Amino acid sequence: MASCIEVGGSWSTNEDIALCQSWVNISHDPITGNEIKFHHMWSKIHGEFCQRSGSIRTEMALSSRWKLLNKELGKWRNALTKAKANIQSGQNLTDEMVQAQMWFGAMGQGKKSFVHFQCWEIVKDCSRFKIIPTGPPVVMNETPLHDSTSTDSPLDSPMETESPFVPRPPRPIGRKAAKAKRGATSSNDCVQLLEQIAKSATLRIERDLKRDEMDKAREEAFALQQQMAQEKDIEDREMKIMAMDTSHMSPETKAYWKLRRRDVMRKKLFNDDGPSNTDWLNDENH
């Protein structure tokens, strides 16, 4: 028995495998599988699952997980069915799996690629997931060779009363021709699917680039607005400094504001943000 797994958290591959094995064994039991009630079935599945995996997940957790697996496995069955119907002569199992993954991703509603291959090997022979091969359509000529009500007399034969120029029914299409026609149609469908996927990817990339450009433009506009506001605030403070009335202030306070005014003037004249520390600015005549 595997080591005990705590309740909750991500499901491991071994847990998924144990769940699929338990579901197959209980729901497809030849004696009780068709008659067991839903609640009792999941109770038995839960018991066997715990024995196989050592997990202590709840019965409800198993049921919820199986809903997800059942959906993914069903999509994979449908994708494989389409791939098998589309596979052409000369292509191998790898080509079939690649096409199946493409069909799986194109179906949407979940993950873009199928990963539960070990689970699929367990359930693929169950009636719910079994792939039923579909052969090429065979057109049968339903026109009877002889009328059941006619006699063998030449006088009663329909051929004696009908015009010899009446067109005969078309011959049924042969198996090779039907297979070639189906292969060409499936190949066109595959090409259209690939083109649609490529177009969707291109549109998504263009949409993302456009969104990034808009975000960048908004950030630059916000930064410029912030800079302008900061510059205006500095300009307002400098105007207040230059307009400060120092006539009623003490000598020390007047000296302080004098230095502040010199800093503002130096900044305007020489674009220098440093403090007043030059001899000519400290000269009382300036």
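Predicted model: local features only at pLDDT ≥ 70, side-chain atom pairs only at ≥ 80, totals over all residues.

Visitor: Fine. At what angle do α1 and α2 pack?

Guide: Helix α1, residues 13-27, packs against helix α2, residues 38-53, at about 135°. Their axes are 8 Å apart. That angle makes α1 oblique to α2.

Visitor: Is the crossing left-handed or right-handed?

Guide: α1 passes α2 in a right-handed crossing.

Visitor: Which residues meet there?

Guide: From α1, the contact includes Leu19, Trp23 and Ile26. From α2, it includes Met41, Trp42, Ile45 and Phe49. Glu15 in α1 and Lys44, Glu48 and Arg52 in α2 are also among the contact residues. The residues of this contact divide into eight nonpolar, five polar and four charged.

Visitor: How many residues apart are Ile36 and Ile26 in sequence?

Guide: They are 10 residues apart in sequence, and their C-alpha atoms are 9.1 Å apart in space.

Visitor: Moving on. How do α2 and α3 pack?

Guide: α2 and helix α3, residues 59-86, pack at about 100°, with axes 9 Å apart. The two helices are therefore roughly perpendicular to each other.

Visitor: And which residues make that contact?

Guide: On the α2 side they are His39, Trp42, Ser43, Ile45, His46 and Phe49. On the α3 side they are Glu59, Leu62, Ser63 and Trp66. By class, the contact has five nonpolar, four polar and one charged residues.

Visitor: Next pair. At what angle do α3 and α4 cross?

Guide: Their axes cross at roughly 130° and come within 8 Å. α3 and α4 are therefore oblique to each other. The crossing is right-handed.

Visitor: What meets what?

Guide: In α3, the residues include Glu72, Lys75, Trp76, Leu80 and Lys84. In α4, they include Glu96, Met97, Trp103 and Phe104. The contact residues divide into eight nonpolar, three polar and five charged.

Visitor: Now the second largest pocket. What volume does it have?

Guide: Its volume is about 270 Å³.

Visitor: How many residues line it, and which lie nearest its centre?

Guide: The second largest pocket is lined by 11 residues, and those nearest its centre are Gly105, Ala106, Lys112, Ile197 and Ser200.

Visitor: Which helix gives the largest share of that lining?

Guide: α6 gives the largest share, with six residues. Both α4, residues 93-106, and α6, residues 175-242, supply at least two lining residues each.

Visitor: And the lining by class?

Guide: The lining of the second largest pocket has five nonpolar, four polar and two charged residues.

How values were computed. Residues numbered from 1 in each chain as written. Heavy atoms only, no water. Axes fitted to C-alpha atoms, helices over the stretch in contact; angles between N-to-C directions. Helix = DSSP H or I, 4+ residues; strand = E, 2+ residues; numbered from the N terminus. Parallel < 35°, antiparallel > 145°, perpendicular 65-115°, else oblique. Left-handed = near helix turned anticlockwise from the far one by under 90°. Contact = heavy atoms within 4.5 Å. Nonpolar A, V, L, I, M, F, W, Y, C, P; charged D, E, K, R; others polar. 1 Å grid on protein atoms, 1.4 Å probe; cavity = no way out; pocket = protein on both sides within 12 Å on 5 of 7 lines; lining within 4 Å. Points joined across faces, edges and corners; volume = space filled by probe spheres on them.
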